[in-house]
Amino acid sequence: KQWYQRRVRGWSPATEGDALRHSVGMFFSRLGPKNVEMLEMVEQAFFPTLQTVCDAPSTSPLQEINPVNLAELLLSLLPGRHHEQLSITACNELILRPSSKYGRALVKILPLFDIL
């Protein structure tokens, strides 16, 4: 959970251009592909994370995070073989909440899945 919170904070526009953001991003991008447990955690946290960011109250700092950029970051940590199941889940989630901010974000991230 702490790993996840650090990733979300690191992707906030408030930290853009920050050396810490770059360092944390490099660390996780190198650690993730070699660690099966890390990949599973990212995959399991993908939709709850995206939903939390989309459903954050207007007073929350999470409102500053672009959910599409966040999804792109999380997907970049996962090899393509993880994308197929995530894309199916995204479609199912979209059916449940098509007009919400979460649903609109899901529509925008569908092309990001590497399923070919």
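Contact here means heavy atoms within 4.5 Å of each other. Leaving aside residues up to four places away in sequence, S87 touches L110, F113 and I115. The relative accessibility of S87 is 10%, under the 20% limit, so this serine counts as buried.

A second residue of helix 5 (residues 83-96) is T89. T89 has a relative accessible area of 22% and is therefore partly exposed. Its C-alpha lies 8.6 Å from that of F47, although T89 and F47 are separated by 42 residues in sequence.

Stepping back to the whole chain, the protein comprises six helices and zero strands, and the order of elements from the N terminus is α-α-α-α-α-α. Of its 116 residues, 38% count as buried. Among contacts with a separation of 6 or more, 65% join residues 24 or more positions apart.

The mean pLDDT of the protein is 81, with 71% of residues at 70 or more. Helix 1 (residues 2-10) has the lowest mean value of the elements, 51, while helix 6 (residues 101-109) has the highest, 96. Where pLDDT is low, the predicted coordinates should not be read in detail.

The pairing of helix 3 with helix 4 comes next. Two packed helices are described by the angle between their axes and the distance between the axes. For helix 3 and helix 4, the axes come within 10 Å and cross at roughly 170°. This angle is over 145°, so the two helices count as roughly antiparallel to each other. On the helix 3 side, the contact involves V42, F46, T49, L50, V53 and C54, and these meet P67, L70, A71, L74 and L75 of helix 4. By residue type, this contact is made up of 10 nonpolar residues, one polar residue and no charged residue.

Which residues of helix 4 are buried? They are P67, V68, L70, A71, L73, L74 and L75. Because seven of the 10 residues of helix 4 are buried, this helix is largely enclosed by the rest of the structure. The N-terminal end of helix 4 is capped by N66, with a side-chain oxygen 2.8 Å from the backbone nitrogen of V68.

The loop between helix 3 (36-54) and helix 4 (67-76) holds S60. Is S60 buried or exposed? Its relative accessibility is 16%, so S60 counts as buried. The side chain of S60 also reaches the backbone nitrogen of L62, at 3.0 Å.

A further loop residue, R97, is placed between helix 5 and helix 6. R97 has a relative accessible area of 24%, which means that this arginine is partly exposed. What does R97 touch, not counting residues up to four places away in sequence? The partners of R97 are Q51, D55, Y102 and G103.

Notes
Residues numbered from 1 in each chain as written. Predicted model: local features only at pLDDT ≥ 70, side-chain atom pairs only at ≥ 80, totals over all residues. Heavy atoms only, no water. Helix = DSSP H or I, 4+ residues; strand = E, 2+ residues; numbered from the N terminus. Buried < 20%, exposed > 50% of the residue type's maximum accessible area, 1.4 Å probe, protein only. Polar contact = N/O pair within 3.5 Å; in protein donor to acceptor, adjacent residues only side chain to side chain. Axes fitted to C-alpha atoms, helices over the stretch in contact; angles between N-to-C directions. Parallel < 35°, antiparallel > 145°, perpendicular 65-115°, else oblique. Nonpolar A, V, L, I, M, F, W, Y, C, P; charged D, E, K, R; others polar. pLDDT = per-residue confidence, 0-100.
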